Amino acid sequence: MTILVTGGAGFIGSNFVLDWFADAATAGETVVNLDALTYAGNAANLASLEGDARHVFVHGDICDRALLDSLLAQHRPRAIVHFAAESHVDRSIHGPGEFMRTNVTGTFTLLEAARGHWSALPDDERARFRFHHVSTDEVYGSLAPAAPAFTETHAYEPNSPYSASKAASDHLVRAWHHTYGLPVLTTNCSNNYGPYHFPEKLIPLMIVNALAGKPLPIYGDGLQVRDWLYVSDHCSAIRTVLARGRVGETYNVGGWNEKPNREIVHTICALLDELRPDPAGPYTRLITHVTDRPGHDRRYAIDARKIERELGWRPAETFDSGIRKTVRWYLEHADWVAGVQSGSYRDWIRTHYGNAP
Ligand code: NAD
Ligand code: TYD
């Protein structure tokens, strides 16, 4: 059997593909991995799969309908797991166009190709087919400090071009189920962290900058709250929903781990002080407060009781165990970090923070 993964060279997608082959329940199944290799996609994440016949990498775009049709006809996947997206809020503020193209038009194109493929399948394959859409908690907007965490029925109130484009894609997925009967599953997950995280997002940026002796830029007062989940827990949640989730349902996925950004940065500094002490002094000396993000959501928090109640999924990592693994991974993979700090990475850092590395 085969699944088609989109965006499987990005942060979560590559962890998902690696974990898929590491899990005995799924290890025997081929993964066709379609990725456009944008700045965020990195074939090096999948280097350990080189020569492995179970992994078929295809360099291409989810907006390319002809390519999608030919891949679906050739490989006849039993499921599509859709990660491909533009995913960085700050980039969506500087340039929203690409977010509309990939996240909205790309998801629409993929849904149409999936519908064509699914409706022509024989009955047994048709009944088994799933379209799993990977989405975010950011579609629900921002929570007041004491408000209850997001449930699956929380109103959609996206505030950034990124979250608006993901909300639009969620609505398309829902409509393709209700109108055409396409067997969809959607997961809305909180902030992930872990290996292969592109170092323009908070956690890897802070690790990489600290090790280089560069400023650690906290937006505004740093009291914005996110609900952090170790990436392999997100991957296990997706495998669980794909295997046993109820068709047409959405499942919120989170780590029960709400933390303000300031605390995250202090935790990273303390771990680095322990694991790679800097003779110049504690890493917290590098913390700087910079201008806040426009429209910055104050708090996200996931109520993950539905996926636990219905499917028995809970995260395996605590924040303490996950962040320690993550810091160690970055310390042991300086070559990977150097590889992704290309010209376009440096251009982004210069555009966004105004200080060339
Ligand atoms: P990422 O930016 O690291 O990876 C995205 C991948 O998609 C890259 O490999 C990129 O090359 C590929 N891609 C982009 N446009 C494409 C296109 N037009 N055609 C084919 N491939 C394309 O993102 P990520 O952090 O791994 O997120 C993956 C998914 O999970 C996204 O849908 C995101 O919205 C969702 N999500 C992310 C988080 C998080 O904390 N990172 C949390 C919840 C949900
Ligand atoms: P990010 O990793 O971009 O994820 P998201 O915005 O999707 O939640 O940012 C996580 C939090 O960290 C968010 O509140 C913004 C904040 N942040 C900083 O304070 N400084 C930074 O340099 C970055 C990249 C993010």
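Q: Is V17 buried or exposed?
A: This is a predicted model. V17 lies in helix α1. Buried means under 20% relative accessible area. V17 has 0% relative accessibility, so V17 counts as buried.

Q: Which residues does V17 touch, not counting residues up to four places away in sequence?
A: Helix α1 holds V17. Residues up to four places away in sequence are left out of the count. That leaves V5, G8, V31, N33, L46, L49 and H55.

Q: What distance separates the C-alpha atoms of V17 and R101?
A: Along the chain, V17 and R101 are 84 residues apart.

Q: Which element gives the most to the largest nonpolar core?
A: The largest nonpolar core has 67 residues. F16, V81 and I307 have the most contacts inside this core. Seven residues of the core come from one element, and that top contributor is α1.

Q: Which residues does I307 touch, not counting residues up to four places away in sequence?
A: I307 is one of the residues with the most contacts inside the largest nonpolar core. Sequence neighbours up to four places away are set aside. The residues touched are A237, V241, Y251, N252, V253, G312 and W313.

Q: How many residues does the second, separate core have?
A: Besides the largest nonpolar core, there is a second, separate one. Its members include A113, F129, F131 and V173. The size of this second core is 23 residues.

Q: Which element gives the most to the shell around ligand 1?
A: The shell around ligand 1 has 29 residues, and I12, D35, S87, Y162 and K166 are the closest. α1, α4, β5 and α6 each supply at least two residues. One of them gives three, the most of any: β5.

Q: How many residues of the shell around ligand 1 are charged?
A: The shell around ligand 1 divides by class.

Q: What share of the accessible area of ligand 1 does the protein cover?
A: A nitrogen atom of ligand 1 is 3.0 Å from an N or O atom in the side chain of D61. A backbone N or O atom of N192 lies 2.8 Å from an oxygen atom of ligand 1. On its own, ligand 1 has 840 Å² of accessible area, and the protein covers 96%.

Q: Which element gives the most to the shell around ligand 2?
A: Around ligand 2 there are 18 residues, of which E138, P217, R293, H296 and Y353 come nearest. α7 and β8 each supply at least two residues of this shell. With three residues, the element that gives the most is β8.

Q: How many nonpolar residues are in the shell around ligand 2?
A: Sort this shell by class. Five residues are polar and five are charged. The nonpolar residues number eight.

Q: What share of the area that ligand 2 exposes when taken alone does the protein bury?
A: An oxygen atom of ligand 2 is 2.5 Å from an N or O atom in the side chain of R293. For the side chain of N261, the corresponding distance is 2.9 Å. Taken alone, ligand 2 exposes 510 Å², and the protein buries 97%.

Q: Is Y196 buried or exposed?
A: Y196 lies in the loop between β7 and α7. Most residues other than glycine have a negative phi. Y196 has a positive phi of about 65 degrees although it is not a glycine. Its relative accessibility is 17%, so Y196 counts as buried.

Q: Why does W256 count as partly exposed?
A: W256 sits in the loop between β11 and β12. Its phi is positive, about 50 degrees, although W256 is not a glycine. W256 counts as partly exposed because its relative accessibility is 39%.

Q: Which residues does E112 touch, not counting residues up to four places away in sequence?
A: E112 is in helix α4. At 17% relative accessibility, E112 counts as buried. Beyond its sequence neighbours up to four places away, E112 touches R65 and W176.

Terms used:
Residues numbered from 1 in each chain as written. Chains lettered and ligands numbered in written order. Predicted model: local features only at pLDDT ≥ 70, side-chain atom pairs only at ≥ 80, totals over all residues. Heavy atoms only, no water. Near = heavy atom within 4 Å. Polar contact = N/O pair within 3.5 Å; in protein donor to acceptor, adjacent residues only side chain to side chain. Areas by Shrake-Rupley, 256 points an atom, 1.4 Å probe, with all protein chains shown as cover. Helix = DSSP H or I, 4+ residues; strand = E, 2+ residues; numbered from the N terminus. Nonpolar A, V, L, I, M, F, W, Y, C, P; charged D, E, K, R; others polar. Core = buried A, V, L, I, M, F, W, Y, C linked by side-chain atoms within 4.5 Å. Buried < 20%, exposed > 50% of the residue type's maximum accessible area, 1.4 Å probe, protein only. Contact = heavy atoms within 4.5 Å.
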